[in-house]
Amino acid sequence: MTAPTRGALVRAGFLDADRSGRCLEDLADWASDEVVALLAASPDPDQAVLGLVRLSEAVDGEDREQLGALLTDRSQHGPGRRRLIQLLGSSSGLTDHLVRHPAHWREVADAQLRDAETVYEQVARDVGDATGTPAYDALRVAYRRQLVRIAAYDVTSDPIEALPIVGESLADLAGACLEAALGIARREVDGAERARLAVIGMGKCGGRELNYVSDVDVIFVAEPAEGDDDEAGAREIAGKLAVATIQACSAHTAEGTLWEVDTALRPEGKQGPLVRTVAGHAAYYERWAKTWEFQALLKARHVAGDAEVGAAYLDAMLPMVWQASTRENFVQDVQAMRARVEQYVPASESERQLKLGPGGLRDVEFSVQLLQLVHGRSDEHLRNRATLVGIESLMRGGYVGRTDAHELDRCYRILRVLEHRIQLSRMRRTHLMPTDPEQLRPLGRALGITRDPAEGVVKLWRDTARDVRRLYERLFFRPLLSAVARLSDDDACLSLDSAQDRFAALGYADPKGAIGHIQALTGGVSRRAAIQRTLLPVMLHWFAQEADPDLGLLAFRRISDRLGGTHWYLKMLRDEGGAAQLMARVLASSRYAGQLIEGAPSSVVVFGSAGARIPLRRNQILDVLRAAIDRHDDPDDAVRAIRETRRTELIRVAVADIAGTLDLDTLEQALTDIAAATIQSALDVAIRQVEGTTGGPLATRIAVIGMGRLGGRETGYSSDADVLFVHDPHEGAKSGLAQTQATQVVNRLRDSLGASGPDPSLTVDADLRPEGKSGPIVRTLASYAAYYERWSAGWEAQALLRAAPIAGDVDLGERFVRLIDPLRYPEGGIDDAAVRQIRRLKARMEAERIPRGGDRRTHFKLGRGGMSDVEWTVQLAQLEHAHEIPALRHTGTYSLLAVMARHDLLTEEEAETLGATWSLATRMRNAGVLWRGRAMESLPSSLADVRGIASLLGWPLTRSYGLQEDYLRQTRLARAIIEHRFYESDLTEGRDEFPTPR
């Protein structure tokens with residue numbers, strides 16, 4: 001034939017037309033128009049024609065004549081010409097094999113798949129009949145002889161339709177090679193007849209859905225030979241056989257290697273014995289196995305070795321697999337495992353991962369396996385190993401809707417075909433989408449994308465991954481809604497009993513209650529019910545990921561009931577990105593936030609945008625409060641408006657905190673600003689109320705001094721408002737009248753904010769005032785001056801270290817600060833006697849103030865290494881050194897640790913340790929309030945409480961048990977520093993126990 005012109009080759013799809021043209025000249029006797037057309041239709045025409053030249057140079061004699069007959073269509077192989085050219089254009093890796101073993105082109109031309117029994121026999125015969133060839137090499141040649149047959153069938157079939165049988169054929173070939181490798185091992189190991197060894201295929205090999213290039217996961221099981229009572233000796237020999245079998249498959253020889261044999265799924269992983277008996281395996285799984293190990297066993301299948309031992313192993317293991325869903329936290333463990341798999345993907349690969357990334361193959365496999373394990377306990381039809389078969393059985397059983405099942409099947413096939421074609425290209429193990437257009441183009445063409453194949457295959461992949469992720473997120477829940485609300489005929493027929501089982505498996509403690517909530521939310525034909533039916537599948541999934549899904553669903557129903565048909569509410573959840581997910585997290589992890597929101601349902605607008613969750617500063621809150629007060633003439637109505645506004649701001653802060661957008665310092669300042677603005681507004685109303693009863697302005701000015709965490713701008717969710725009240729009569733005013741009016745104002749302020757009601761109360765605590773509860777609630781500035789000059793105790797000076805004006809008359813507040821500065825920052829510091837007194841007081845507090853039955857190690861505030869330890873250490877340094885170090889004249893705690901380090905009062909390491917401990921205790925205390933809805937003063941012992949707090953602190957639920965250990969370790973380190981720096985003892989850092997200081 002006349003060689004095609006360069007232009008004709010370019011138009012036909014050849015990219016390197018010059019080189020391909022020369023190759024066709026070398027093939028002049030064979031390169032007919034039909035051959036050129038077949039080359040042009042292959043995924044990579046340039047690679048195909050080069051491979052054909054290389055193969056033509058490798059064959060000789062009769063093989064060459066018959067290859068020529070094949071290419072010129074004079075062969076008995078029928079469509080073999082197309083199979084050969086298509087394979088050459090699909091896989092440079094298998095082309096290399098054909099060049100090395102050119103006689104195997106006949107396997108390509110025939111390319112009919114064989115049943116498993118035939119494959120086992122053929123591999124065994126090829127290895128056994130090889131004369132003059134090392135057994136390892138013979139095994140590799142036999143493997144690739146079958147492999148090119150499978151690949152040729154694959155690349156000339158509809159890849160989507162052929163996927164299951166190709167995966168089965170690859171798994172059967174792996175099993176045949178393991179059988180042959182075990183045969184080689186038996187010839188190498190002395191005494192091999194004493195051990196009966198079975199090889200159990202796991203993963204994709206066990207599921208008969210293997211890739212072209214993949215590790216082959218196995219477990220080895222052994223029993224002594226018939227009549228041999230030496231089990232230990234048989235196990236030793238079986239171990240040698242297993243090692244030799246692995247070596248036969250994995251070793252590199254002149255013929256390359258087959259694949260890695262991976263035994264990490266065995267009991268105890270790589271640390272456990274390579275071989276166990278059936279009884280040994282059973283004992284491990286009955287006692288020690290983790291949830292993921294039962295999930296892995298779902299794929300277990302005998303693939304090589306002693307069939308009776310393999311059957312005994314499966315008989316022992318599989319019943320335990322189908323009871324795994326009854327284990328505590330079963331679903332959470334499986335979901336956590338999927339999350340960990342994603343976390344282990346390198347950041348540089350996550351966007352290209354077909355297997356492990358979001359929307360990848362693992363999303364499908366984990367979803368299907370989880371549903372199988374949950375429902376397979378009672379439905380034997382679901383006990384399938386292969387993913388595609390599992391999807392179909394779930395659909396037939398009514399556990400997944402038909403539409404979802406068909407979509408999941410389609411997506412899984414596409415992802416697997418992409419994975420197959422990428423691996424087949426160079427016969428390399430990879431699960432990454434290529435980025436090079438020169439690699440994407442043949443990949444797209446292999447999937448039948450002819451127009452802009454590089455761009456088209458990327459779009460296909462991304463669209464598929466997005467669909468998979470969407471299905472993954474709702475797969476559990478759509479059938480639940482079908483059972484409960486009967487959404488549509490398409491969405492299967494899961495029974496209410498099955499729905500309850502699944503809710504229980506997902507972590508819902510009250511499945512019947514959950515079903516009742518769903519029925520209430522989705523019943524009827526209203527638009528509201530229709531939107532809820534769209535929302536709830538993913539909402540239920542998000543609730544189940546948190547510590548208390550029942551709490552979340554109940555709160556969601558109550559809020560939805562309160563908002564009724566409000567048009568913007570469901571629209572926001574449906575349309576505003578992460579609004580619904582954040583709402584689910586908040587409601588299912590925080591009783592505190594949920595109760596606040598239930599009391600003010602319209603506050604859910606805070607979920608709609610990140611801007612709505614930015615805490616307002618004090619002046620901004622005051623502006624809102626003053627506007628609210630101005631709308632009400634009645635003082636009681638004005639106070640209600642103040643408390644409603646405070647609740648709204650607490651919701652804003654709590655939601656932002658749970659969303660993870662606030663650091664601890666910002667959170668504390670926000671809560672302090674809310675408390676200060678609330679007190680200022682309540683003071684304004686109280687003054688207005690008293691002035692209304694007296695018919696004129698007050699005879700005195702009033703200031704509120706924040707103390708404790710309020711004064712230090714370190715307010716927590718459970719903090720009372722510790723304050724001092726000071727007043728200063730106007731010139732000429734009667735002192736008695738001024739005192740009476742100031743007392744009336746203060747009492748009204750405290751009563752109005754502390755009274756119980758629909759809005760959260762704020763306890764305004766003045767117990768730190770002179771003379772404590774027996775002293776007047778409010779004093780004049782002159783009275784404070786006289787008291788502090790004559791009677792002040794050391795502890796009062798220490799308490800004043802955190803005093804700062806937060807409301808009322810600004811000038812009076814500043815004068816109060818000037819009054820107390822010499823007391824709290826004494827010139828020359830405090831003397832040794834005062835230091836000893838502070839230490840004795842601290843020691844007595846440790847001994848006496850821990851609640852009866854409390855643990856000194858776990859109390860957040862008063863426990864060893866807790867918040868009080870750090871605060872007293874800082875305050876002692878202030879009393880001793882603030883006169884000479886102005887930077888210590890600050891009302892906070894955390895920021896002063898760095899100041900102390902800069903001035904050699906602590907080492908940098910000590911400051912970091914104390915700061916980390918104080919922050920951890922503070923965060924855990926805050927998280928306890930968010931979780932329980934009330935103060936939590938100690939590290940909880942309840943697993944549910946630990947999980948709730950851990951979740952709010954960002955710990956995975958599966959690792960929440962480590963929270964207690966982490967806290968105790970951190971406080972031990974802090975306590976060692978306290979002993980050294982505060983008590984000046986010589987205890988070594990990190991000791992677990994410390995004596996009460998004397």
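Guide: Start with contact: it means heavy atoms within 4.5 Å. Helices (H or I, at least four residues) and strands (E, at least two) are DSSP runs, numbered from the N terminus. This is a predicted model, where local features need pLDDT of at least 70, side-chain atom pairs count only at pLDDT 80 or more, and totals for chains, interfaces and linings use all residues. Residues are numbered from 1 along each chain as its sequence is written, and side-chain values use heavy atoms, with hydrogens and water left out.

Visitor: Which residues of α2 and α4 meet?

Guide: From α2 come Ala-17, Arg-19, Ser-20, Cys-23, Leu-24 and Asp-26. They meet Asp-46, Gln-47, Val-49, Leu-50 and Val-53 of α4. By class, this contact has six nonpolar, two polar and three charged residues. Here Ala, Val, Leu, Ile, Met, Phe, Trp, Tyr, Cys and Pro count as nonpolar, Asp, Glu, Lys and Arg as charged, and the others, Gly among them, as polar.

Visitor: At what angle do the axes of α2 and α4 cross?

Guide: Axes are lines fitted to C-alpha atoms, for helices over the stretch in contact, and angles run from 0 to 180 degrees between N-to-C directions. The axes of α2 (residues 17-26) and α4 (residues 45-58) cross at roughly 30° and come within 9 Å.

Visitor: Is the crossing of α2 and α4 left-handed or right-handed?

Guide: A crossing is left-handed if the near helix is turned anticlockwise from the far one by less than a right angle, and right-handed if clockwise. The crossing of α2 and α4 is left-handed.

Visitor: How do α11 and α20 pack?

Guide: Helix α11 (residues 159-188) and helix α20 (residues 402-426) have axes 9 Å apart, at an angle of about 65°. Their crossing is left-handed. The α11 side of the contact includes Pro-159, Ile-160 and Leu-163, and the α20 side includes Arg-413, Ile-414 and His-420. Eight of the contact residues are nonpolar, one is polar and four are charged.

Visitor: Now the whole protein. How many helices and strands are there?

Guide: The protein has 44 helices and 10 strands. Its C-alpha trace spans about 125 × 65 × 60 Å along the principal axes. Take the contacts with a separation of 6 or more: 72% of them join residues 24 or more positions apart.

Visitor: What share of the residues count as buried?

Guide: Buried means under 20% relative accessible area, exposed over 50%, partly exposed in between (1.4 Å probe, protein chains only). Of 998 residues, 58% count as buried.

Visitor: Why does Glu-107 count as buried?

Guide: Glu-107 counts as buried because its relative accessible area is 8%. Glu-107 sits in helix α8 (residues 105-110). Beyond its neighbours within four places in sequence, Glu-107 is in contact with Arg-114, Arg-145, Val-148 and Arg-149.

Visitor: And where does Ile-674 lie?

Guide: Ile-674 lies in helix α33. Its relative accessible area is 3%, so Ile-674 is buried. Not counting residues up to four places away in sequence, Ile-674 touches Ile-621, Arg-646, Glu-649, Leu-650 and Val-653.

Visitor: How do I read empty space?

Guide: Rolling a probe the size of a water molecule over the atoms shows where empty space is left.

Visitor: Last, backbone angles. What is the phi of Glu-268?

Guide: Most residues other than glycine have a negative phi. Glu-268 is not a glycine, yet its phi is positive, about 70°. Glu-268 lies in the loop between β3 (261-262) and β4 (275-276). With a relative accessible area of 45%, Glu-268 is partly exposed. Arg-713 also has a positive phi, near 55°. Arg-713 is in the loop between α34 (708-711) and β7 (721-729).
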